[in-house]
Amino acid sequence: MTQEVVVTQVTLPGASWQLNLAEHREVFPKSALDQAQDLLKRWIAIFPRGNTWVGFTHKVPSLIVRLDCVLDDAGKLQVFEVEDRPCGIGVASHTVPEFKERLNALREEWPAFNWVRAPNRETDDALWLGEGLTLDQAKLTDGLLLVRSRPEDREFHAFEPRAVSTVQHEGNKRCCADPSISMYSIIRWVDDPEEQSGGYIDGLPGGPFMVKPSQGTRAREVRVYLNGGAPAGIKVAKKDKLSFGDLERWVRTNRVAVCQPLIPPMQRDFLPGMNMIYRFFFGYSPKEGGYVPLGGVWMALDALVVHGTDKSISGPLVCAD
C-alpha cells in the first residue's frame, strides 16, 4: 500500500503567504529534457520579442522561462504553457537546492539586473533578487530590469528596452497556434444575423478542450469545454467548466481566443484525489547560446486547472543525472 506524502506548511523568509511543501522528489527525465529543448527552439522563432534588451542582445524572449507540463503514459511531454516571464523562481530557489545551484551558476553569465514591483501583482522575486524597485524608483535608474507589471499596464512599457524578459507581450498565446509549434488553435466569433445567437464560433474543435484568452497570465480566464465529458478519474470544478452557451458568450465577448485539446494532469498514488503538473524552468546561457535546464517544482491541486493556491501542494522537481 502506497503511503501518502507528508505535507508541511512553510512560510519563506520575507514572503507573505504559506506554502504546502512535500519532500517527495520527482525527476524530469532526459527524454523529456530533449523534447522540451526542441519545443523551445521552435518557440523562440515565433514568440514576439518586442523592443526588449534580451531580444536585441540574445535573440530570445526572456532570460528565464518555464514549461507547465505533464508526461503522459508513453513518456511524451505534453505542454500546457510556455511561461515567458514566470514567477516561482524565488520559491524554487529556497526549496530545491539543485535548482538554486544551477540558477546561481547561470547568473554568473548574466549581467546584474533588478526587478520592478507592480501594485497589482504579488511575486516571489524578493526571495532571489532582493527588494524590488517601485515604478518611480525604476525611472531613476539606468540598469537592466525584470518588469513585473501586467501587459496592459502601459506606464511600465517604457522599460522594455531595459527588460530581461517580456513586458507588453507577456502571456501571448496566439503565436503558439503557428504550424511550427501547434500548441493551440484559434477560434473566432463570426457575426451572422441568421443564427439564433447572432453568430457562431468558427474553428470549433471536436472533443474536450481548454479555452484561453489570446493573451493572458496566471491562469486567468482559463476554462474547459468538456464537449462529451471529462477523462475518467478527473474531477472538474463547476467554476472551471463552460456550457456551450457559456462558450458562445465567452468567444463572442473576446472575439478571438485560443483553444487546446484537454491534456489530463498526472495522478500519483501518494496524492489521492489530487492532480499533478510539472513546472520546469530553463535559463538562457549566453555561453551555450541556448536554454539550459534548471529544474523546478511539481504542483498538485484537487482541480483540473492546477495553479498556485493556498490548497496547492508542491515539491522538488529535479533534472535527471
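Is Lys212 buried or exposed? Lys212 is buried, with a relative accessibility of 3%; buried here means under 20% relative accessible area, exposed over 50%, and partly exposed in between, using a 1.4 Å probe and protein chains only. Before we look around, a word on the ground rules: this is a predicted model, in which local features need pLDDT of at least 70 and side-chain atom pairs count only at pLDDT 80 or more, while totals for chains, interfaces and linings use all residues. Residues are numbered from 1 along each chain as its sequence is written, and side-chain values use heavy atoms, with hydrogens and water left out.

Lys212 sits in strand β10 (residues 209–213). Helices (H or I, at least four residues) and strands (E, at least two) are DSSP runs, numbered from the N terminus. The side chain of Lys212 makes a polar contact of 3.1 Å with that of Gln260. A polar contact is a pair of N or O atoms within 3.5 Å; within protein, one must be able to donate a hydrogen and the other to accept it, and residues adjacent in sequence count only if both atoms are side-chain atoms. Beyond its neighbours within four places in sequence, Lys212 is in contact (heavy atoms within 4.5 Å) with residues including Phe80, Glu81, Tyr184 and Trp250.

Trp250 belongs to helix α7 (residues 244–254), where Leu247, Glu248 and Val251 are buried along with it. These residues cover an arc of only 165° around the axis, which puts them on the same side of α7; the arc is that of the directions from the helix axis to the C-beta atoms. They pack against β8, β9 (199–202), β10, β11 (223–225) and β12 (256–261).

Strand β5 (residues 77–83) is largely enclosed by the rest of the structure, because six of its seven residues are buried. β4 and β5 run antiparallel and are joined by six bridges; two strands pair if DSSP finds at least two bridges between them. Leu67 has Val82 in β5 as its bridge partner. Five residues separate the two strands of this hairpin, and Gly75 in the turn has a positive phi of about 85°.

**Salt bridges**

A salt bridge is a side-chain nitrogen of Lys or Arg within 4 Å of a carboxyl oxygen of Asp or Glu. By this rule the model has 16 salt bridges. Here are three of them:

| Pair | Closest N to O distance |
|---|---|
| Asp34 and Lys30 | 2.9 Å |
| Asp68 and Arg66 | 2.7 Å |

Asp34 and Lys30 are separated by about one helical turn, because they are four residues apart in helix α1 (residues 30–46). Asp34 is partly exposed at 39%, whereas Asp68 is buried at 6% and Arg66 is buried at 5%. Arg66 and Asp68 also belong to a network of salt bridges with Glu83 and Arg279.

Most residues other than glycine have a negative phi. Lys59, in the loop between α2 (53–58) and β4 (64–71), has a positive phi of about 60°. Ser182, in the loop between β7 (144–147) and β8 (185–191), has a positive phi of about 50°.
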